[in-house]
Every structure is written in structure tokens, then in C-alpha cells.
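Subject: The structure I promised you

Hi,

Here is the structure for you to look through.

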Amino acid sequence: MSDERLSLKEMCARFEVTPRTLRYYEYIELLEPQRDGRARFYGPRCVARMTLIMRGRRWGFSLEEIRQWLSLYDHQGTDAQMRAWVELADRKLAELREDLARREKAIDELQSSRDRVARTLD
């Protein structure tokens, strides 16, 4: 990983988020940018954490779940973090599968209802 430091604006552009989002992530201790006066600079650690945050959000994890998972690395190391990740992922996969089954059922019901009504119009 390089020693590259990104400004707030560069970090926003890289991850397609607003400055408000980055400041909020800092407030809830997901990110710890370096400060130079009022300016914030994001190093490789922040970039890596932001990558994980964005993945976690895309997969439906709450910010609190992500925060707790990321803090495991700082307090207990990689092995504990990876074990926790497997547990979190298993729970989320079960949740997503249940949601998918509910949605598929709703789609089938809606399609059936739509088809019945369409037949009456013929």
C-alpha cells in the first residue's frame, strides 16, 4: 500500500460520498483522518477501512455492525476479526435469503393477480 494521502475532496470522489458522510464516519469513529489545521487527510488505512465500509453498506450491514467489526482488528487482531466476519456474513446471508424468498413470493402473487385482471380485459 502506498503512503498516499487523500484530501477530503479526493476521498469523496474516490468513494462517491459526500463530505458530510466522511465527517459522520469520523464522528462515529469509523475513520480517523490526519488533521492539518481544519484540513483532513486520509492515508492508506482510512482508504482500506472506507473500502470495507462501502462493501459492508452494499451488503446491508449497519454502520454499528461495521464499526464493531472494524474495532475488533484494533483490539483483538486479524484472527478475531475474520472469525467475527464469518459469523456476521452467515447471519446476513440467512437474512438476505429470507428476504429474497419473501420478495419472490410477493412477485409470484403480484404476477398472478395481474394476470387474472389482464385476462378479464381480453
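What follows is a short tour of what turned up, going from the sheet to the helices and then to a few single residues.

Some ground rules before we start. This is a predicted model, where local features need pLDDT of at least 70 and side-chain atom pairs count only at pLDDT 80 or more, while totals for chains, interfaces and linings use all residues. Residues are numbered from 1 along each chain as its sequence is written, and side-chain values use heavy atoms, with hydrogens and water left out.

**The sheet**

Helices (H or I, at least four residues) and strands (E, at least two) are DSSP runs, numbered from the N terminus. Two strands count as paired if DSSP finds at least two bridges between them. In general, strands of a sheet pair through backbone hydrogen bonds, either parallel or antiparallel.

Here, three strands make an open sheet in the order 1-3-2, with antiparallel pairing. Strand 1 (6-7) and strand 2 (34-36) are the edge strands, each pairing on one side only.

Strand 1 is joined to strand 3 (residues 39-42) by two bridges. Leu 6 stands opposite Tyr 42, and Ser 7 has Phe 41 as its bridge partner. Strand 2 and strand 3 form a hairpin with two residues between them, and Gly 37 in the turn has a positive phi of about 70°.

In a regular strand the side chains alternate between the two faces of the sheet. You can look for that in strand 3: Arg 40 and Tyr 42 are on its covered face, while Ala 39 and Phe 41 are on the uncovered one.

Now find helix 1 (residues 8-15) and helix 2 (residues 19-27). Their axes come within 9 Å and cross at roughly 105°. That makes helix 1 roughly perpendicular to helix 2, a label used for angles of 65 to 115 degrees (under 35 is roughly parallel, over 145 roughly antiparallel, and the rest oblique). The axes are lines fitted to C-alpha atoms, for helices over the stretch in contact, and the angles run from 0 to 180 degrees between N-to-C directions.

Which residues meet there? Leu 8, Met 11 and Cys 12 come from helix 1, and Pro 19, Leu 22 and Arg 23 from helix 2. Contact means heavy atoms within 4.5 Å. By class, this meeting place has five nonpolar, no polar and one charged residues. (Ala, Val, Leu, Ile, Met, Phe, Trp, Tyr, Cys and Pro count as nonpolar, Asp, Glu, Lys and Arg as charged, and the others, Gly among them, as polar.)

**The core**

A nonpolar core is a set of buried Ala, Val, Leu, Ile, Met, Phe, Trp, Tyr and Cys residues joined through side-chain atoms within 4.5 Å. Buried means under 20% relative accessible area, exposed over 50%, and partly exposed in between (1.4 Å probe, protein chains only).

The largest nonpolar core has 24 residues, and Met 11, Leu 22, Met 50 and Ile 53 have the most contacts inside it. Helix 1, helix 2, helix 3 (44-58), helix 4 (63-76) and helix 5 (78-121) each supply at least two of its residues. Helix 4 gives the most, with five.

Leaving aside neighbours within four places in sequence, Leu 22 is in contact with residues including Leu 8, Val 17, Leu 31, Tyr 42 and Met 50.

- Val 47 lies in helix 3 and is buried, at 16% relative accessible area. Beyond neighbours within four places in sequence, its contacts include Leu 6, Phe 15 and Tyr 42.
- Tyr 73 lies in helix 4 and is partly exposed, at 40%.
- Gln 81 is in helix 5 and buried, at 6%. Not counting residues up to four places away in sequence, Gln 81 touches Trp 69, Leu 70, Leu 72 and Tyr 73.
- Glu 16 sits in the loop between helix 1 and helix 2. Its phi is near 55°, a positive value in a residue other than glycine, and at 73% Glu 16 counts as exposed.
- Glu 29 lies in the loop between helix 2 and strand 2. Its phi is also positive, near 70°, and Glu 29 is exposed, at 56%.
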